[in-house]
Amino acid sequence: MSVLLLLQARGRMTAQQLADELEVSVRTIYRDVDSLHTAGIPLYGEAGHQGGYQLLDGFRTRLTGLTEQEAQALFLAGLPGPAAELGLGALAATAELKIEAALPPDLREGSRRIREHFHLDAPGWYHDGDQVPHLPAVAGALWNKRVIHVLYHRWREPSEVKRTLEPYGLVLKAGKWYLVARCEETLRTYRVSQILDLQVTDETFTRPAGFDLATYWRDHLIDFRTRLIQGHAVVRLSPPGRERLTETMSAQVINAVNETASPPDDLGWITATIPIESLIHAHGELLRLGAECEVLDPPALREKLATTAKALASRYA
């Protein structure tokens, strides 16, 4: 399909040009051209310096009646849940049907096999995603570059604040929707499920030409993870504890253990230094490892865990 659409958009192209554009080998292009021939695509090639592959004059792959909104929905065609949350569920389904109708029979069967054999489920195991009643309105304001007024719930006091936002982009992370928006000349990130009330205004804004959502989000995550780390803890881990670590802890903690682990003692226990967000957070996380983990430092965290362990022992005595 990529070869077909490239030839349709650019006209004649050599096998080498197609290979360079698609980052594959020339042999792969020859194989794909044979597949297109087999599928009945009127594609021919000419040898020589001015040669190359070209579609028969007048041939086009038609996406019958595809609308602008349906084209936007295509980017979420593999994510029916998020598409529905954005109010694009029906449009995505319609767009998929139109594309399927436009494909030659052989390619259409291949697309069906992909849908039957692969499924993407974005949220984590223990979370079905957020309730986001204001997501369609946020998305609409984003498409139309409209300023929005929101009542937002945050963790610190005052817990409910009013904000005027210029929505730049939406990000779906682990089943949760986040809005990247400009507020008071600063780019900030807001969890859409925490929007309590929303009003779309008639005021428009201009999104900076150089803004790249993927780059911003990557930098935001790096900064977020850096700010989370408030200190470090020295822990001892049994072999089962280290194995369970991979199922319960973040990648940062797992990597830290792998990088700082001491040689195992006679019982297989290792000592390692891990990053922690806070004493309260570390207390809850390390309790999940039970007796397979012992905190050596800091003393305040060790004492907090010891107090909890005594309370548990008393409770279950």
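1. Strand β8, which covers residues 231–237, is joined to β9 by seven bridges, and the two strands run antiparallel. Within this pairing, I274 of β9 is the bridge partner of A233. Please keep in mind throughout that the model is predicted.

2. The pairing belongs to an open sheet of three strands, ordered β9-β8-β10, in which the strands pair in antiparallel fashion. Its edges are formed by β9 (270–276) and β10 (293–297), each of which pairs on one side only. On average, and with direction ignored, neighbouring strands of this sheet are turned by 35° against each other.

3. Helix α13, made up of residues 299–315, lies across β8 and β10, and its direction relative to β10 is given by an angle of about 145°.

4. As for sulfur pairing, the structure holds zero disulfides.

5. For the chain as a whole, there are 13 helices and 10 strands, and buried residues make up 34% of its 317 residues. Among contacts with a separation of 6 or more, 57% are accounted for by residues 24 or more positions apart.

6. The accessible surface of the chain amounts to about 19800 Å², and carbon and sulfur atoms contribute 53% of that area.

Conventions
Residues numbered from 1 in each chain as written. Predicted model: local features only at pLDDT ≥ 70, side-chain atom pairs only at ≥ 80, totals over all residues. Heavy atoms only, no water. Pairing = 2+ DSSP bridges. Helix = DSSP H or I, 4+ residues; strand = E, 2+ residues; numbered from the N terminus. Axes fitted to C-alpha atoms, helices over the stretch in contact; angles between N-to-C directions. Contact = heavy atoms within 4.5 Å. Disulfide = S-S within 2.5 Å. Buried < 20%, exposed > 50% of the residue type's maximum accessible area, 1.4 Å probe, protein only. Areas by Shrake-Rupley, 256 points an atom, 1.4 Å probe, with all protein chains shown as cover.
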